[in-house]
Amino acid sequence: MTAAMTAAGDGSGVRRFVPPPRAAVDLQVFAHPVFTGLRDVRDLLEGPEWPSIAALDARLALSGKQLVEQDATLLADGLHYEARIAQGRIATRAENWHDLFNALVWARYPQLKQALNVQQCRHIASMPPGQRNRAQAALTQFDETGVIVRVRNHTLLAAWNVHDWCALFESRHWLSGDIAIAAVFGHALMEQALLPGRLLVGKCVVVQGEVDDACVDAVTAAIAEGRAVTDPLQLRPLPLAGIPGWHQVQDAAFYADISYFRPLRAGRQYPPPLALLPL
């Protein structure tokens, strides 16, 4: 597969991901763990036809939010994308994988998406027009590529802190539940996973806990209170293909590839995990 099939220029020299057409997607990709949280709506992904925005809105029935088709008429209101969401309207492009996954994540994690939107709007209001701060960059990265990881073994965090990937991805830790994926949140990750074998990297918030939903609640509260995702450097990168069972070939040569399993940058430090909310 050539780069031209997966990326295209946007005129700025930056290459953006281009997903395959709907008819070209191998439906077996939706069995990948990245899509675990969407198993209740797999028909919307696997069906031969795109759902219309109106049908998608009716199916998902988002509380306090409406999916509206992004067209010239909608954009004529001049509102920022996030400000429009705060008013209850989520601009959604028709026949678009990225926006379909975004809508499905809204349905699966509405409180978390709402917390991100509130923080984005707060920072937009505090910045001069056209300017973004580091908190906005962090919120966007988590929205696009976010993963929530739960841990109960601090030796694994120590390994992650220094990018000791072999120790972190030792299968016994993942099989025992010492570390696990509580939620794949980023809709851009899901879009990229449409290409089998693509080496994905999640930007992670870590929670010390046992129950997936409780970990999601803890991250939601921390974002809402401004205690997490306030700087891109707080997000831990996780090469998702290194998780046991998440990639077809996981031999010694694979884990030795430093272009994917990157060494720790000098001076880089990560925050401690979030604690679960008190009962």
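**Figure 1. V229 in the loop between α13 and β8.** V229 is found in the loop between α13 (212-224) and β8 (236-239); helices (H or I, at least four residues) and strands (E, at least two) are DSSP runs, numbered from the N terminus. The model is predicted: local features need pLDDT of at least 70 and side-chain atom pairs count only at pLDDT 80 or more, whereas totals for chains, interfaces and linings use all residues. Residues are numbered from 1 along each chain as its sequence is written, and side-chain values use heavy atoms, with hydrogens and water left out. Phi of V229 is near 55 degrees, a positive value in a residue other than glycine. V229 counts as buried because its relative accessibility is 4% (buried is under 20% relative accessible area, exposed over 50%, partly exposed in between; 1.4 Å probe, protein chains only).

**Figure 2. A61 in the loop between α3 and β3.** A61 lies between α3 (53-60) and β3 (66-69). A61, a residue other than glycine, has a positive phi, near 45 degrees. With a relative accessibility of 57%, A61 counts as exposed.

**Figure 3. Helix α8 and its surroundings.** Helix α8 (residues 134-145) has 12 residues. From first C-alpha to last, α8 reaches 16 Å, close to the expected 16 Å (1.5 Å times one less than the number of residues). At the start of α8, a side-chain oxygen of N133 comes to within 3.2 Å of the backbone nitrogen of A135. A135 is itself buried, as are Q136, A138, L139, F142, D143 and T145. The cover over the buried residues of α8 includes the helices α7 (110-126), α12 (187-192) and α13, and the strands β5 (146-151) and β7 (201-208) (contact means heavy atoms within 4.5 Å).

**Figure 4. Strand β5 between its pairing partners.** Six of the six residues of β5 are buried. G146, I148 and R150 point one way from β5, and V147, V149 and V151 the other way. β5 and β7 run parallel and are joined by six bridges (two strands pair if DSSP finds at least two bridges between them). R150 has V207 of β7 as its bridge partner. Strand β6 (residues 179-184) runs antiparallel to β5, with five bridges between them; here V149 is partnered by I181 of β6.

**Figure 5. Confidence along the chain.** The mean pLDDT of the chain is 93, and 94% of its residues reach 70 or more (pLDDT is the predictor's confidence in each residue, from 0 to 100). Over residues 1-14 the pLDDT is below 50. Beyond near neighbours in sequence, this stretch has 21 contacts in the model.

How values were computed
Polar contact = N/O pair within 3.5 Å; in protein donor to acceptor, adjacent residues only side chain to side chain.
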